[in-house]
Amino acid sequence: MSVTVRVPAKVNVQLAVGAARPDGFHALANVFLAVSLFDEVTATPAATLTVTCEGPDADRVPLDRTNLAARAAELLAERAGIEPAVHLHIAKSIPVAGGMAGGSADGAAALLACDALWGLNTPRAELLDICAVLGSDVPFSLVGGAALGTGRGELLTPVEAGAFHWVFAVADGGLSTPAVFHEFDRLTAGTAVPEPEASPALLAALASGDPDALAATLANDLQPAALSLRPALADTLAAGTGAGALAALVSGSGPTTAFLVRDEEAAAKVAAALEASGTCRATRVASGPAPGATVLPA
Ligand code: ATP
């Protein structure tokens, strides 16, 4: 018997970053949108905890206990007082270290898969608590849809969202999220960083489903830091807007870039232009909001 969970990637339509707190974390106002790029995690009974991964980026995914899927299984087993006797197989489609919460997604998926496999029926609130221990983006991977995250991003309030079409440009290599925050601190040193707040205009645009309104309000405070570490991303952003994207931004901490487009036809055109531009490794077309981690029928 095995259990497979499908889990979405995310794009931050707004990422407002406050000054570093004494504990090193930054206060965030983070508007998450889950998009239809999915990983699948399959949990199967095994003698000990093991992880395997397939997909174009599989060689960049750790297979030891640092994998967030493995950590999720360990945490859940510990709480239940059982051994994490499970094999986790990750079918990976979400870009690795791309700012789309791929590792977080696998953590949430493994948690749900093991909960079902072990018949634990852990209450939703408790699963969300475990997610928050695993990482700031993990609770949203479980919930999906669209949500405002505050605190370190882990305190979630669902928000309304119409349907939007996106193209994602996958860059060569990854960017470390801590390194991007460090660069943010360097770039903002000596300036007054305002308290992060969700933009009412952005939330209204998201609810309306109007892509022009959303294009006018997309904002990522980490973008200057990601561009500072990876100046070539500016060429990718320009190639997408030049091909007709309504707006372009770095996804989370990058280096994946996100392009908001009017419809599927525009998505295909922008994706083709990005591929031809030579400014990215690959493109992916997706839409959002997508549902959160879901157990697939056996
Ligand atoms: P975020 O958007 O949440 O900042 P990200 O999408 O930029 O995350 P991930 O794909 O989650 O980045 O990977 C970041 C690092 O986490 C990887 O370089 C890898 O070493 C580690 N990692 C741990 N578990 C996983 C996993 N299941 N899949 C991918 N990377 C993982």
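**Group meeting: the cavity, the pocket and the ligand**

The largest cavity has a volume of about 40 Å³. Keep in mind that this is a predicted model. Across the whole structure, a search turns up 1 cavity of 30 Å³ or more.

How do we look for such spaces? Rolling a probe the size of a water molecule over the atoms shows where empty space is left.

Which residues line this cavity? Asp57, Arg60, Pro95, Val96, Ala97, Gly98, Val170, Ala171, Gly173, Pro255, Thr256 and Arg281 do. By class, that lining has 6 nonpolar, 3 polar and 3 charged residues.

Keep two of those names in mind, Ala97 and Pro255. Both have backbone features to look at.

Take Ala97. This residue sits in the loop between β4 (86–91) and α2. Now Pro255. The peptide bond from Gly254 to Pro255 is cis, with omega near 5 degrees. Pro255 is in the loop between β9 (247–250) and β10 (257–261).

There is another cis bond to point out. Gly288 and Pro289 are joined by a cis peptide bond, with omega about 5 degrees. Pro289 belongs to the loop between β11 (282–288) and β12 (294–295). For background, most residues other than glycine have a negative phi, and most peptide bonds are trans.

The largest pocket has a volume of about 980 Å³. It is lined by 41 residues, and the closest to its centre are Leu68, Ser104, Asp137, Thr177 and Pro178.

Which elements each supply at least two residues of that lining? They are β1 (3–20), β2 (26–45), α1 (68–80), α2 and α5 (177–188). The largest share comes from α2, with 4 residues. By class, the pocket lining divides into 17 nonpolar, 17 polar and 7 charged.

What takes up this space? The ligand does: the space it takes is the largest pocket.

So much for the pocket; now the ligand itself. The ligand is surrounded by 22 residues. The closest are Ala97, Gly99, Gly103, Asp137 and Thr177.

By class, the shell has 9 nonpolar, 9 polar and 4 charged residues.

Begin with the side chain of Asn67. One of its N or O atoms is 3.0 Å from a nitrogen atom of the ligand. A polar backbone atom of Gly103 is 2.7 Å from an oxygen atom of the ligand. At Gly98, a backbone N or O atom lies 3.5 Å from an oxygen atom of the ligand. How much of the ligand does the protein cover? On its own, the ligand has 620 Å² of accessible area, and the protein covers 78% of it.

To close, two things to find on the screen.

Note on methods
Residues numbered from 1 in each chain as written. Predicted model: local features only at pLDDT ≥ 70, side-chain atom pairs only at ≥ 80, totals over all residues. Heavy atoms only, no water. Near = heavy atom within 4 Å. Polar contact = N/O pair within 3.5 Å; in protein donor to acceptor, adjacent residues only side chain to side chain. Areas by Shrake-Rupley, 256 points an atom, 1.4 Å probe, with all protein chains shown as cover. 1 Å grid on protein atoms, 1.4 Å probe; cavity = no way out; pocket = protein on both sides within 12 Å on 5 of 7 lines; lining within 4 Å. Sits in = over half its atoms within 2 Å of the grid points. Nonpolar A, V, L, I, M, F, W, Y, C, P; charged D, E, K, R; others polar. Points joined across faces, edges and corners; volume = space filled by probe spheres on them.
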